[in-house]
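Colleague: I would like to learn how to read a few features of a model. Shall we take them one by one?

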Amino acid sequence: MKRVVVGLSGGVDSSVAAYLLQQQGYEVIGLFMKNWHDDSVTISNECPWLEDSNDALLVAEKLGIPFQTVDLSEEYKEKIVDYMFNEYEKGRTPNPDVLCNREIKFDVFMKIALSLGADYVATGHYCQKSEIEVGGKTVYQLIAGNDVNKDQSYFLCQLSQEQLSKALFPIGALTKPEVREIAAEMELVTAEKKDSQGLCFIGKVRLPEFLQQKLQPKEGKIVQIDKNDPIYTIEKEAESLEDELKIEAQKLNYRPEMGKFMGNHQGAHYFTVGQRKGLNVGGTTDPLFVIATDVETNTIYTGLTSNHPGLFKKALFVGESEVHWIREDMALKPGEKMNVMARIRYRQPLQKATLHQFEDGMYVSFEEPQSAITEGQFVAWYLENELVGSGVIS
């Protein structure tokens with residue numbers, strides 16, 4: 001009998017995942033991960049992890065499976081939280097959820113599970129796994145979840161073959177309403193529970209407040225750049241395809257004197273490209289969007305409306321060390337290219353794109369210009385419904 005450790009989060013998805021595995025004849029163990037206990041940064045008096053671990057316990061009791069809590073807050077702080085602050089200080093926008101899966105759930109947590117004699121680790125992610133033979137070897141595929149609205153394959157875009165080989169996603173073929181229905185039939189306490197919001201570990205912490213407690217505020221200027229600024233029409237000469245892609249992926253070089261002063265902000269590192277809330281600038285006819293941040297000069301550049309040319313780019317670059325293939329057998333060699341469907345953020349509809357591999361990294365070139373391509377976030381690329389690789393946008 002195969003043994004599976006399920007990460008019970010206290011939500012409905014992982015509860016149903018545990019139940020389905022039990023139905024499939026696995027020996028199931030429930031583990032709750034406690035990832036955070038620095039109460040100085042939670043902003044409400046609710047203690048989400050206590051409530052969640054209690055719900056997880058009630059589900060385990062209902063299913064009659066062993067349950068325990070593991071405290072991973074040390075590893076969490078080091079691998080996720082410190083990384084986040086580092087990235088924000090550099091003016092990049094990290095994605096803690098993608099990292100949490102690569103570094104915590106399918107690494108630290110997986111090692112604990114395997115030490116308990118588990119054959120697999122299961123989570124309540126909306127995605128699927130299948131296997132094929134390539135050159136006599138088993139290759140694992142990460143497939144999108146059947147529920148188009150809930151597909152979470154993007155969050156697992158950094159997993160390796162090794163991690164996938166030990167992973168199970170029991171609810172990947174179901175839709176969210178089906179999952180809730182099963183939970184209701186089984187009378188699981190989590191059946192009606194709302195989906196968790198906020199960071200994958202801090203529960204009810206709003207990111208800006210969290211950042212403000214760790215990164216010092218520093219007043220700087222908000223500058224508005226006109227959509228007809230010559231910077232958007234300068235033609236650059238490209239000698240080669242690589243040059244052309246480089247120009248398309250390049251950050252534009254804004255300077256404060258190019259635009260008009262709109263007010264002050266409390267630190268460029270709190271803002272991300274595409275953001276429109278939190279600028280607190282009044283008196284404009286249309287909403288202002290962040291089109292660029294400069295942490296060196298502590299300046300935020302903005303533009304009017306979501307159609308501002310400063311928000312759009314046709315290509316992005318991923319440095320060689322940040323290119324990750326789940327399907328290692330498909331990795332491109334320098335000079336090769338591949339047509340894919342790609343997304344630059346969770347929930348974004350897939351976009352037609354071409355991967356171009358060069359010596360020092362990969363360009364992802366989109367058919368349509370993309371809004372708010374954000375440094376530090378992940379781009380993931382798919383062939384049909386299979387996620388084959390990903391990379392950190394640089």
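Colleague: Are helix 3 and helix 4 roughly parallel or antiparallel to each other?

Modeller: Some ground rules come before that. This is a predicted model, where local features need pLDDT of at least 70, side-chain atom pairs count only at pLDDT 80 or more, and totals for chains, interfaces and linings use all residues. Residues are numbered from 1 along each chain as its sequence is written, and side-chain values use heavy atoms, with hydrogens and water left out. Helices (H or I, at least four residues) and strands (E, at least two) are DSSP runs, numbered from the N terminus. Axes are lines fitted to C-alpha atoms, for helices over the stretch in contact, and angles run from 0 to 180 degrees between N-to-C directions. Under 35 degrees counts as roughly parallel, over 145 as roughly antiparallel, 65 to 115 as roughly perpendicular, and the rest as oblique. Now the case: the axes of helix 3 (residues 73-89) and helix 4 (residues 96-115) cross at roughly 160° and come within 10 Å. The two helices are therefore roughly antiparallel.

Colleague: Which hand does the crossing of helix 3 and helix 4 have?

Modeller: Look at the near helix. If it is turned anticlockwise from the far one by less than a right angle, the crossing is left-handed; if clockwise, right-handed. Helix 3 and helix 4 cross right-handed.

Colleague: Which residues of helix 3 and helix 4 meet?

Modeller: Contact means heavy atoms within 4.5 Å. From helix 3, the residues include Tyr76, Ile80 and Tyr83; from helix 4, they include Leu99, Cys100 and Ile104. By class, this contact has nine nonpolar, no polar and four charged residues. Nonpolar covers Ala, Val, Leu, Ile, Met, Phe, Trp, Tyr, Cys and Pro; charged covers Asp, Glu, Lys and Arg; the others, Gly among them, are polar.

Colleague: How do helix 1 and helix 6 cross, and at what angle?

Modeller: The axes of helix 1 (residues 12-23) and helix 6 (residues 176-185) come within 9 Å and cross at roughly 65°. That makes helix 1 roughly perpendicular to helix 6. Their crossing is left-handed. Val16 and Leu20 are among the contact residues of helix 1, and Val179 and Ile182 among those of helix 6. The classes are seven nonpolar, no polar and three charged.

Colleague: How many disulfides does a search of the whole structure find?

Modeller: A disulfide is a covalent bond between the sulfur atoms of two cysteines. The test is a pair of cysteine sulfur atoms within 2.5 Å. The search finds zero. For Cys157, the nearest cysteine sulfur is that of Cys127, 11 Å away.

Colleague: Is Cys157 buried or exposed?

Modeller: Buried means under 20% relative accessible area, exposed over 50%, partly exposed in between (1.4 Å probe, protein chains only). Cys157 is buried, at 0%. Cys100 is buried too, at 2%.

Colleague: Which phi value does Asn298 have?

Modeller: Most residues other than glycine have a negative phi. Asn298 has a positive phi near 55°. Its place is the loop between strand 10 (288-294) and strand 11 (299-304). Asn298 is buried, at 7%. Thr305 also has a positive phi, near 70°. Thr305 lies in the loop between strand 11 and strand 12 (312-319), and is partly exposed at 25%.

Colleague: What does Glu87 touch?

Modeller: Glu87 is found in helix 3. Its relative accessible area is 5%, so Glu87 is buried. Leaving out residues up to four places away in sequence, Glu87 touches Arg92, Pro94 and Gly376.
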